[in-house]
Amino acid sequence: MNPAEQTAATVTAAYPGLRRTSPLSPGAPLTEVELDHRLTTRYSWHGYEVDVHVGPPEHLNREDVEDTSLQRQVRAVATLVVLDVQGATTPGHVEWDLANTRPELVFPAASSAAAADTGDPRFASAVLATVARALEHARIATAEATRRAATAAEEAQWERERPDGVSRLKWLRLKREERDQNAAAEETAVPAGETSTPTG
């Protein structure tokens, strides 16, 4: 298999159902990368959209002064269209709320250097690999956002419970220590129905 076929097989296994949606070519295999006049293309996967922009041919190898080859920069950004943001409330006066017709999350971009010839299988491989990395960035960023949101909610609750006269920093330190101690105790606790076996 050529590089495009190898990468397409790997990407399809990781993201089954990934397809190119613009320029639209029904039935075209992933190995066929097609760009519009702006050198862009778009892929879709289970509600995620990955917009790809390809740069002009240029010398991207800055480390080898003797290398005169040309490459193209491939930049991919994944977005997730949020289906429902109706639960959000407005905590202060506004004349009225305006609808967001396209609520979406935008994730960190992925970039790579690709072969300059857009007909080269190595170019198609680079595009597909960068699309996959953009989706991986979305997964990693989502996990981090989930952790941060949980921490923020927990610390906001602690702030509401803070006694008068206790500084915020001291209170946070005490509550974090309490949380960590409770977590450590849960990890070492003997499950119900089991007994610990003395060692030594």
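Predicted model: local features only at pLDDT ≥ 70, side-chain atom pairs only at ≥ 80, totals over all residues.
**Notes on salt bridges, helix packing and backbone geometry**

1. Residues are numbered from 1 along each chain as its sequence is written, and side-chain values use heavy atoms, with hydrogens and water left out.

2. In one of them, the side chains of R139 and E136 meet at 2.7 Å, N to O. R139 and E136 are 3 residues apart in helix α2, so about one helical turn separates them (helices are DSSP runs of H or I with at least four residues, strands are runs of E with at least two, and both are numbered from the N terminus). E136 has 28% relative accessibility and therefore counts as partly exposed (buried is under 20% relative accessible area, exposed is over 50%, and partly exposed is in between, with a 1.4 Å probe and protein chains only).

3. How exposed are the two partners, R148 and E144? R148 counts as exposed because its relative accessibility is 58%, whereas E144, with a relative accessible area of 32%, is partly exposed.

4. A further salt bridge joins the side chains of E159 and R162 at 2.6 Å, N to O. E159 is partly exposed at 29% relative accessibility, and R162 is partly exposed at 28%.

5. Next, the helix pair. Helix α1 (residues 3-14) packs with helix α2 at an angle of about 20°, and their axes are 7 Å apart (axes are lines fitted to C-alpha atoms over the stretch in contact, and angles run from 0 to 180 degrees between N-to-C directions). The two helices are therefore roughly parallel to each other, a label for angles under 35 degrees. On the α1 side the contact is made by P3, A4, T7, A8 and V11, and on the α2 side by P121, R122, A124, S125, L128, A129 and A132 (contact means heavy atoms within 4.5 Å). These residues divide into 9 nonpolar, 2 polar and 1 charged.

6. Finally, some backbone details. Most residues other than glycine have a negative phi, and most peptide bonds are trans. Which peptide bond is cis? The one from S22 to P23, with omega near -10°. P23 sits in the loop between β1 (19-22) and β2 (40-45).

7. That loop between β1 and β2 also contains L39, which has a positive phi of about 60° although L39 is not a glycine. L39 is partly exposed, at a relative accessible area of 28%. H46 is a residue other than glycine with a positive phi, near 45°, and its place is the loop between β2 and β3 (48-54). At 63% relative accessibility, H46 counts as exposed.

Technical notes:
Parallel < 35°, antiparallel > 145°, perpendicular 65-115°, else oblique. Nonpolar A, V, L, I, M, F, W, Y, C, P; charged D, E, K, R; others polar. Salt bridge = Lys/Arg side-chain N within 4 Å of Asp/Glu carboxyl O.
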